[in-house]
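Reader: Hi! Could you walk me through this one while I have it open on my screen?
Author: Happy to, ask away.

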Amino acid sequence: MDKTITSEVDFKAIDEILKSCDYKKSHLIAMLQKVQAIYRYLPEEAMTYIGEKVDGLSPATVFGVATFYAQFSLEPKGKYEIKVCDGTACHVRGSLPVLNAIKEKIKLEDGKFTTKDGLFTLEIVSCLGACGLAPVVVINEKVYPQMTPDAISVILDTLMKEEQ
Amino acid sequence: MGKMIINGKECEFTNERNVLEVIRKNGFNVPTFCYRPDLTKDFGACRMCVVEIDGRMIQASCTTPPAEGMVIKTNTEKVRSIRKTILELLLANHDRECTTCDKSGNCELQKYSEEYGIKDADVKKFSQKKELLPIDDSAYTLVRDNNKCILCGACVRACDEHQGLGVLAFTNRGSRTVVQPMVGKDLAHSECIGCGQCAAVCPTGALTVKSYTEQVWEELMNPEKKVVVQFAPAVRVALGEMFGLEAGENMTEKLNAALRALGFDLVFDTNFSADLTIMEEGYEFIDRLNNGGKLPLFTSCCPGWVKFLELKHPDMVDHLSSCRSPQAMMGSIIREYIPQYYPEVTKENLVSVSIMPCTGKKAEAKRDEFKMANGGYEIDYVLTTQEIARMIKAAGIDLKNIKGEKADSPFGKYTGAATIFGVSGGVAEAAARTAYEVVTGEELKDVVINDMRGTHRVKTVELDLKGTKVKVKIVNTIAEAEKCIREIKEGKADYQLLEVMACPGGCINGGGQPISCNDSTIKEKRAQGLYQDDAQGEYRKSHKNPDVQELYKKHLEKPNSHKAHELLHTTYTNRRKDCYISAGE
């Protein structure tokens with residue numbers, strides 16, 4: 001985990017989350033989802049805090065659950081989460097060229113998932129269940145159907161402009 | 001209640017929790033890795049205990065409840081072939097450097113591979129080239145080697161069920177699964193209290209006791225050095241097991257002799273400083289009782305318990321007795337006074353070694369509080385029962401037949417009160433014997449307090465010191481201790497003394513003791529060994545120990561004196577920062 005991007009964790013907010021989940025260990029996944037909704041990832045301090053505060057959990061068991069599910073991220077995610085579907089249908093209809101176009105456009109370093117400026121996170125997912133619209137890209141819950149390298153470039157350009 | 005047929009023999013079962021226990025109770029055996037009788041959760045991870053049950057095909061016997069009329073076969077062709085495949089698959093992902101593994105000779109994976117005749121070629125057909133994971137030897141206590149882990153989960157359950165800590169957990173998923181501490185930290189920076197119960201149940205070399213035998217050998221071989229050794233109460237009743245003797249057999253005198261044969265220059269007994277602990281802690285307790293001090297008083301002998309408080313409840317450390325543990329007391333007494341009694345021993349050439357049933361003691365010896373002005377520590381090396389047994393074997397010493405010897409003076413005598421320190425309840429019982437006589441001024445005739453005995457987890461005893469009522473709570477395992485902390489914080493605690501030992505049953509079942517995780521009766525036998533040592537003792541009350549009396553007369557004046565405080569007491573710190581990067585405080 002990159003230590004330089006340690007964010008300030010607001011423990012009061014986490015207390016609220018724990019309270020809303022009745023401090024029950026059976027609600028751990030819900031707790032983690034709520035924490036991730038705030039920080040876009042699971043900060044170490046937050047996992048440790050939950051592990052200590054909730055009966056029957058420990059920081060290690062929380063970490064165990066967080067690393068088990070692909071939905072949880074241990075690294076800060078970018079403002080825009082780009083999911084490129086590489087399921088069978090999307091794959092045969094050309095998801096890889098789309099993926100490469102995105103990588104180039106957002107200047108993603110090899111082996112990294114999030115851009116240096118913290119704006120974009122790129123993920124490859126298996127099937128989004130929208131095979132009729134293949135190839136599909138999802139950016140922060142919004143579905144972009146029948147993508148091509150050119151089309152995704154235009155979309156990303158728009159997002160980048162908005163940010164400037 | 002019911003009957004079943006195992007391998008053609010009619011067998012009765014009563015309240016066994018699974019078929020595996022019925023099988024074992026009736027004289028049959030099946031191999032297991034993940035099953036541990038002292039852990040409650042039947043995990044069913046390793047599948048080695050599979051048996052054929054008529055009408056149900058192949059089942060894991062550890063997760064199958066016994067039922068009337070079951071027909072079970074434990075050793076059929078099918079079962080054997082499944083077990084072999086399991087072993088081959090486990091070995092395919094295993095770092096098979098057996099000869100240089102710390103667990104070699106004690107390893108269940110090695111044992112069953114040998115019994116089932118697993119061949120290298122069978123293993124290699126499953127092998128994938130895998131890069132070795134780094135070994136975690138960051139802690140003073142234990143070494144983690146995930147390349148040897150078979151994911152049986154015994155350590156995960158031991159830490160959770162015994163200690164309530166859950167330091168180790170399964171992390172990641174599928175083929176990337178590893179057992180590790182929180183957020184991937186190493187043990188030294190985790191919440192590990194060093195009790196070693198995980199290593200005690202590990203079937204392979206994935207969790208082992210950190211060994212300091214090489215360093216000690218080096219000191220022993222160095223003619224310039226004078227190596228002084230002490231050994232703890234619980235060591236004497238377990239050591240024999242590693243030499244084919246019964247658990248509980250008292251090896252005190254033979255161990256004295258063996259240690260001298262190994263080259264230790266002076267041999268002392270931690271039991272002596274256990275008596276000293278009673279003097280100091282007993283007087284501290286009486287003082288707190290009479291002068292409105294912080295109560296309940298917590299015993300401070302157990303390093304796991306002390307670290308737990310410093311880490312999880314730093315606001316409660318003022319309950320802890322300021323007394324050092326017997327190991328640390330002996331450490332400072334040796335440093336301070338041995339050069340006075342033995343002129344050939346000087347501050348410069350003295351090496352202090354202790355032999356403990358405990359892995360946590362290794363970390364205790366390295367506490368800043370026990371650091372000397374020259375940067376060294378009062379105790380240089382801590383060995384466990386396992387390690388000293390290995391050294392005795394390597395030196396070719398015949399422990400069984402060696403002629404027993406006495407410990408050296410002036411700190412070699414001990415009382416029965418000291419020797420029971422090794423079992424849960426022993427510290428409280430020893431303290432009660434002395435407190436009674438000090439408070440009432442009368443002689444205590446019947447020294448045994450039966451309600452304080454036994455290895456079960458919780459005991460509460462009320463003592464009547466001629467009108468002064470004292471309630472004592474005795475717990476073992478940190479899971480139980482945590483409950484006590486809650487009671488106290490909620491104002492529900494009605495006791496004045498709390499004795500805690502982190503290991504189930506006390507030090508006799510410490511993480512450094514000979515491996516005994518498949519036999520629940522062993523810790524009971526070790527406890528009986530200590531009770532017997534107590535019963536046979538010339539003295540049975542700590543304040544009657546002539547060596548202790550001599551020490552006070554000559555050097556320390558009286559319990560809790562200024563000098564005693566300097567040498568025998570310590571302080572505690574909030575250690576949260578060692579572990580948590582930030583937890584909202």
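**Loops, helices and cores**

Author: B:Pro410 sits in the loop between helix H13 (385-394) and helix H14 (416-419) of chain B; helices (H or I, at least four residues) and strands (E, at least two) are DSSP runs, numbered from the N terminus. The peptide bond from B:Ser409 to B:Pro410 is cis, with omega near 10°.

Reader: Before we go on, what kind of model is this, and how is the numbering done?
Author: It is a predicted model, in which local features need pLDDT of at least 70 and side-chain atom pairs count only at pLDDT 80 or more, while totals for chains, interfaces and linings use all residues. Residues are numbered from 1 along each chain as its sequence is written, and chains are lettered from A and ligands numbered from 1 in the order in which they are written.

Reader: Thanks! Which residues does the cis peptide bond with omega of about -5° join?
Author: That bond joins B:Leu295 and B:Pro296. B:Pro296 lies in the loop between H9 and strand E12 (297-298) of chain B. As background, most residues other than glycine have a negative phi, and most peptide bonds are trans.

Reader: On phi, what is the value for A:Asn140?
Author: Its phi is positive, near 40°, and A:Asn140 is not a glycine. You'll find A:Asn140 in the loop between E3 and strand E4 (142-144) of chain A.

Reader: Is A:Asn140 buried or exposed?
Author: A:Asn140 is exposed, because 11 other C-beta atoms lie within 10 Å. The cut-offs: a residue is buried if 20 or more other C-beta atoms lie within 10 Å of its own, exposed if 12 or fewer, and partly exposed in between, with C-beta atoms placed from the backbone. B:Asn7 also has a positive phi, of about 45°, and is found in the loop between strand E1 (2-6) and strand E2 (9-13) of chain B. With 16 other C-beta atoms within 10 Å, B:Asn7 is partly exposed.

Reader: Switching to chain A, how many helices and strands does it have?
Author: Chain A has 7 helices and 4 strands, in the order α-α-α-α-β-α-α-β-β-β-α along the sequence. Of its 164 residues, 31% are buried.

Reader: I'm looking at H6. Which of its residues are buried?
Author: In H6(A) they are A:Ser95, A:Val98, A:Leu99, A:Ile102 and A:Ile106. Seen down the helix axis, they fall within an arc of 100°, so they line one face of H6(A); the arc is that of the directions from the helix axis to the C-beta atoms. A:Asn100 and A:Glu104 are exposed on the other side of H6(A).

Reader: And what do those buried residues of H6 pack against?
Author: Their partners in chain A are strand E1 (80-85), helix H5 (88-92), strand E2 (120-125), strand E3 (137-139) and helix H7 (149-163). Contact here is a pair of C-beta atoms, placed from the backbone, within 7 Å.

Reader: Now the largest nonpolar core: which residues touch the most other members?
Author: Those are A:Ile50 and B:Cys155, in a core of 183 residues. A nonpolar core is a set of buried Ala, Val, Leu, Ile, Met, Phe, Trp, Tyr and Cys residues joined through C-beta atoms within 7 Å. Helix H9 (residues 270-290) of chain B gives the most to this core, 8 residues. Another core, of 16 residues, lies apart from it and includes A:Cys90 and A:Phe120. In general, nonpolar side chains tend to be buried together in soluble globular proteins.

Reader: What does A:Ile50 contact beyond its neighbours within four places in sequence?
Author: A:Ile50 is in contact with A:Ile14, A:Leu18, A:Met31, A:Leu57 and A:Val62.

Reader: One more: where is B:Leu142, and is it buried or exposed?
Author: B:Leu142 belongs to strand E6 (residues 142-144) of chain B. B:Leu142 counts as buried because it has 27 C-beta neighbours inside 10 Å.

Note on methods. Two residues are in contact if their C-beta atoms, placed from the backbone, lie within 7 Å.
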